[in-house]
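Student: Could you take me through this model and show me how to read its features one by one?
Tutor: Gladly; let us look at the sequence and the structure first.

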Amino acid sequence: QPSMPNGIIIMYDIRYRESDNSDSFVFFVNGITDTQYIISGLTSFISYTIGVRAYTIAGPGEWIEIQASTLLPGIEDLIVEILEDIVIINWTPLNYTELTSYVLEYKQTNEQTFQTIIFPVSVVSTGSPILQHDIEYVFQVYGVFTINNVEYESERSPPVTVTINSSSPSTSSSNDSQTGSTSLVVGIAVLSIIVITSIVVNIIFIVILLKILIKKPKEKERS
């Protein structure tokens, strides 16, 4: 309601449209006599520009516009934990059927551009990026939603900054809560080399053991 109306207000008009789409259709609701109106049938994850004007005997006033959105809140709880050569990233999942994937963004603090890892909602671990020791990194996560074949991004989680140092395990968080979180295990390249080496050693050991077992029965037959 205007603070200084030009006469007695007879009614109001409302108009609204998608804020980020200049070609979107403008909807009008005319002849409202109350100072409250519920707009229904909006699309999720969309920002709208909503305008209101008042009518008096002298005619319509100017449009007053605000922006409102049906966007989802972003991921709020992001925890980054370093255990030796493994970086474990936890966050509270977004429980919506329209959610199609998560995106992990990471970069060194002195870099301008984030690198990304994209993975489905059902996946809680993925391949490891190559991270360097004694380097400070920034991590953040967001969700991707698909509505009417159009993809929308949720707001980013608060960024978490950590220094990769295997000699001193640590945990950094954007929120103290760790309940109901999804886990993403990110390994440093050194760990992958250690795992591969141990597998090769085990295979060699098994082959040697089999050769010994095969030779023993043959030696008994000769005796």
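**Reading charges, rings and cores**

Tutor: Glutamate 65 is partly exposed, with a relative accessible area of 42%. Please keep in mind throughout that this is a predicted model.

Student: Which residue forms a salt bridge with glutamate 65?

Tutor: The general idea is that side chains of opposite charge can pair when their charged atoms come close. In this structure the partner of glutamate 65 is arginine 15, and the closest N and O atoms of the two are 3.1 Å apart. This pair links distant parts of the chain, since arginine 15 belongs to strand 1 and glutamate 65 to strand 5 (residues 64-69), 50 residues apart. Arginine 15 has a relative accessibility of 23% and therefore counts as partly exposed.

Student: How many salt bridges does the structure hold?

Tutor: There are four salt bridges. One of them joins aspartate 13 to arginine 53, with 3.3 Å between the closest N and O atoms. Here too distant parts of the chain are linked, with aspartate 13 in strand 1 and arginine 53 in strand 3 (residues 47-56), 40 residues apart. Aspartate 13 has a relative accessible area of 3%, and because buried means under 20%, this acidic residue counts as buried.

Student: Which residues are linked in a network of salt bridges?

Tutor: The network is made up of Glu105, Glu153 and Arg156. Within it, the side chains of arginine 156 and glutamate 153 meet at 2.7 Å, N to O. Arginine 156 is partly exposed at a relative accessible area of 34%, and glutamate 153 is likewise partly exposed, at 49%.

Student: How many aromatic pairs does the count come to?

Tutor: When two rings come together, one reads the distance between their centres together with the angle between their planes. The count comes to nine aromatic pairs. In the pair of tryptophan 91 and tyrosine 102, the ring centres are 5.4 Å apart and the planes stand at 65°, so the arrangement is edge-to-face. Because tryptophan 91 lies in strand 7 (residues 86-91) and tyrosine 102 in strand 8 (residues 99-108), the pair ties together parts that are 11 residues apart in sequence. Tryptophan 91 is buried at 1% relative accessibility, and tyrosine 102 is buried with a relative accessible area of 2%.

A stacked pair is formed by tyrosine 106 and phenylalanine 139, at 6.4 Å centre to centre and with 25° between the planes. Tyrosine 106 is in strand 8 and phenylalanine 139 in strand 10 (residues 136-147), so this pair ties together parts that are 33 residues apart in sequence. Tyrosine 106 and phenylalanine 139 are both buried. Elsewhere, ring pairs link Tyr16, Phe27 and Tyr48 into a cluster.

Student: Which residues have the most contacts inside the largest nonpolar core?

Tutor: A core is best read by asking which residues join it and which elements supply them. The largest nonpolar core has 24 residues, and those with the most contacts inside it are Val87, Ile89, Trp91, Tyr102 and Phe139. Among the elements that give two or more residues to this core are strand 6 (78-83), strand 9 (115-120) and strand 12, while strand 10 gives the most, with five residues. Leaving aside neighbours within four places in sequence, phenylalanine 139 is in contact with residues including Leu78, Val80, Leu104, Leu131 and Val162. A second, separate core of 10 residues includes Tyr12, Ile14, Ile46 and Ile50.

Student: Is serine 19 buried or exposed?

Tutor: A polar residue is read by its accessibility and then by its neighbours. Serine 19, placed in the loop between strand 1 (9-18) and strand 2 (27-32), is buried, with a relative accessible area of 17%. A polar atom of the serine 19 side chain lies 3.3 Å from the backbone oxygen of tyrosine 48. Not counting residues up to four places away in sequence, serine 19 touches Ser47, Tyr48, Thr49 and Gln67.

Terms used
Residues numbered from 1 in each chain as written. Predicted model: local features only at pLDDT ≥ 70, side-chain atom pairs only at ≥ 80, totals over all residues. Heavy atoms only, no water. Helix = DSSP H or I, 4+ residues; strand = E, 2+ residues; numbered from the N terminus. Buried < 20%, exposed > 50% of the residue type's maximum accessible area, 1.4 Å probe, protein only. Polar contact = N/O pair within 3.5 Å; in protein donor to acceptor, adjacent residues only side chain to side chain. Contact = heavy atoms within 4.5 Å. Phe/Tyr/Trp six-rings, centres within 6.5 Å; stacked < 30°, edge-to-face > 60°. Core = buried A, V, L, I, M, F, W, Y, C linked by side-chain atoms within 4.5 Å.
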